[in-house]
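Try each task yourself before reading its solution.

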Amino acid sequence: MSPLAADARARELACREFERPLVVVAGAGTGKTTTLVARVVTWMVGAGWDACAQASEAESALPARVSESVLAITFTKAAAAEMDARVRSSLRDLERGRRPKGVVLPEDAEEPDATTRERARRLRLALDRPLANTIHGFCQSLLAEHPLQAGLAPGFAIDAEEQSIPEFAQRAVEEDLAAAFAPPAHPDEHELRDEDWLRDEDWLRLAREGVGPDAVARCVARLRAEGVRAPDLDADPLSNEALASGLREFGDRAARLAVLITSRLRTVPRSPAVHTALDELAELLSRLDNLDLDDPLSTLRAVSNLELGALCGRLSDWTKGKFGTGVQAALGDDLAATSEQSRGLSGALAHLRDFDLDAFRARRAIVRRTLARAEALGEEAAMLTYGDLLTRAADLVERDEALRRRLRRRYRQVLVDEFQDTDAVQCRLVRALALGDAGARPGLFLVGDPKQSIYGWRGADLGAYDAFVDEVLATGGERLELVRNFRSTPQVLAAVQRFVAPTMVEEHGVQPAFQVLHANETTPGPEPEVWITWQTDPAHERSFA
């Protein structure tokens, strides 16, 4: 099937397939919002209306029930407002006898019949609330409806400006410091030794590193803002299993590099720095080969204590493509492979050499305690962060089976826009709402473009995105692509492909593959000076044209 034929099929399925979960990868300018709106409107005037009519006895309540059967989640308030406005505009068009772009009418009619027009009219009049919502807005509404089940005080507030977060974090740190250095209860003793005042050496370890209370408070505040909770830090990242696995992977990298370069670089004359680096690499492999799975910490400490200055210097140079004449001649066609293997080993080696296990454990213990206290202070004040909204809502829906069943009956269709900007917590929530038993779940429609994921600093996780897409496919879903671009000329798209495609190599969970876009036949050529303009539609809604 050609890319454009697959594109047409994707747009068709978006408005016909309401049972199987669908993931749509929509490249820039391919009309993803139009597709989302077309799916919502098609559902409401067609299959959604019929399904709700069978389940409801009150004809007068049908329009409200149909609109409530759609849960549309977007990333920003502006995107939610745009989707809501466009759905209302499309319903108005149907009411007036015009078929909106992309909407599929019953029996594939080109124009809405009297029944469809009447349904559109009643739906438009019944929309007394925004049809689309942000993920945080949905979670807030859900928690407000079920505060006790979520373990919250009714009437909780949202720290929208994140003003209380630093305050609670600072208070938590101050309390922990006070407890760590509180004087002992020895009323009869007049002389106290310095060590009698110390209750927790972790703070001293941090002080030796130059890490003070303010830095800890900033760290805790950042974790609170992201919705991280103290129990999330309970799992030990330095368990024997985790350490052994990491050291084995590191050893495999070192072994691959050694096989690639050792035999040839031993022949390079007058290169003491290179020979020293090879000796250090051999010593490193020797330590890793003796890895004790029951005590991997001993291997970690042994590696951290090695003198590997020459090896680190060579790896840094080779990563940058800096090879001496003799090395270059010896490696021949394997220069690129050596550079790539050096890059992977260099970063991991730097972490191992600088790693301080005791300092790490001290940081983790202090952050765990102060994070728990900051969270408790927020609960006492009935103040939630935006991150709390996500984690609390996900916990609630996963834990409360009765609520989960009610939500699945209420929402017949779940749509998530900008899914590339999701994270693991949001995936938990969507999974609980719309995946699982095929006979009792709503239709799931995910739209996103992993190439446009730009919110990594806010937790967007392409690993979570790819893992969730894999899960959708494993449950009988399908991945579709929109590749017809309505915004750019063929010349622009060709230039983008020429410069970006060679370097955008797919790596699952890290980087998506480059997606070739095809200009729409009616896209104007390069003659106009402005290719993107604003126009106003009959509903006074601004959109790209």
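**Exercise 1. Find the salt bridge partner of Arg287 and describe the setting of the pair.**

Solution. Start with the partner: Arg287 forms a salt bridge with Glu283, and their closest N and O atoms are 2.9 Å apart. A salt bridge here is a side-chain nitrogen of Lys or Arg within 4 Å of a carboxyl oxygen of Asp or Glu. Next, look at the positions: the two residues are four apart in helix H12 (residues 272-289), so about one helical turn separates Arg287 and Glu283. Helices (H or I, at least four residues) and strands (E, at least two) are DSSP runs, numbered from the N terminus. Last, check the accessibility: Arg287 is partly exposed at a relative accessible area of 31%, and Glu283 is partly exposed at 33%. Buried means under 20% relative accessible area, exposed over 50%, and partly exposed in between (1.4 Å probe, protein chains only).

A word on the source: this is a predicted model, in which local features need pLDDT of at least 70 and side-chain atom pairs count only at pLDDT 80 or more, while totals for chains, interfaces and linings use all residues. Residues are numbered from 1 along each chain as its sequence is written, and side-chain values use heavy atoms, with hydrogens and water left out.

**Exercise 2. Work out whether Asp84 and Arg88, which meet in a salt bridge, are buried or partly exposed.**

Solution. First the bridge: the side chains of Asp84 and Arg88 meet at 2.8 Å, N to O. Then the spacing: they are four residues apart in helix H5 (residues 77-95), which means about one helical turn between Asp84 and Arg88. Now the accessibility: Asp84 counts as buried at 12%, whereas Arg88 is partly exposed at 22%.

**Exercise 3. Which residues are linked with Arg229 in a network of salt bridges, and how many salt bridges does the structure hold?**

Solution. The network links Arg229 with Glu375, Asp395, Glu398 and Arg428. For the whole structure, the count is 41 salt bridges.

**Exercise 4. Describe how helix H7 (residues 135-145) packs with helix H18 (residues 386-399).**

Solution. Two packed helices are described by the angle between their axes and the distance between the axes. For H7 and H18, the angle is about 55 degrees and the axes are 9 Å apart. H7 and H18 are therefore oblique to each other; angles under 35 degrees count as roughly parallel, over 145 as roughly antiparallel, 65 to 115 as roughly perpendicular and the rest as oblique. The residues that make the contact (heavy atoms within 4.5 Å) include Ile135, Cys139 and Leu142 of H7 and Tyr386, Leu389 and Arg392 of H18. Finally, turn to burial within H7: the buried residues include Phe138 and Leu143, and the buried residues of H7 pack against H18 and other elements, among them strand E2 (70-74) and helix H20 (424-434).

**Exercise 5. Where do Glu162 and Ala382 lie, and what is the phi of each?**

Solution. Begin with the general rule: most residues other than glycine have a negative phi. Glu162 has a positive phi near 55 degrees and lies in the loop between strand E4 (157-158) and helix H8 (164-180). Ala382 also has a positive phi, of about 55 degrees, and sits in the loop between helix H17 (357-380) and E5. For accessibility, Glu162 is partly exposed at 35%, and Ala382 is partly exposed at 21%.

Conventions. Axes fitted to C-alpha atoms, helices over the stretch in contact; angles between N-to-C directions.
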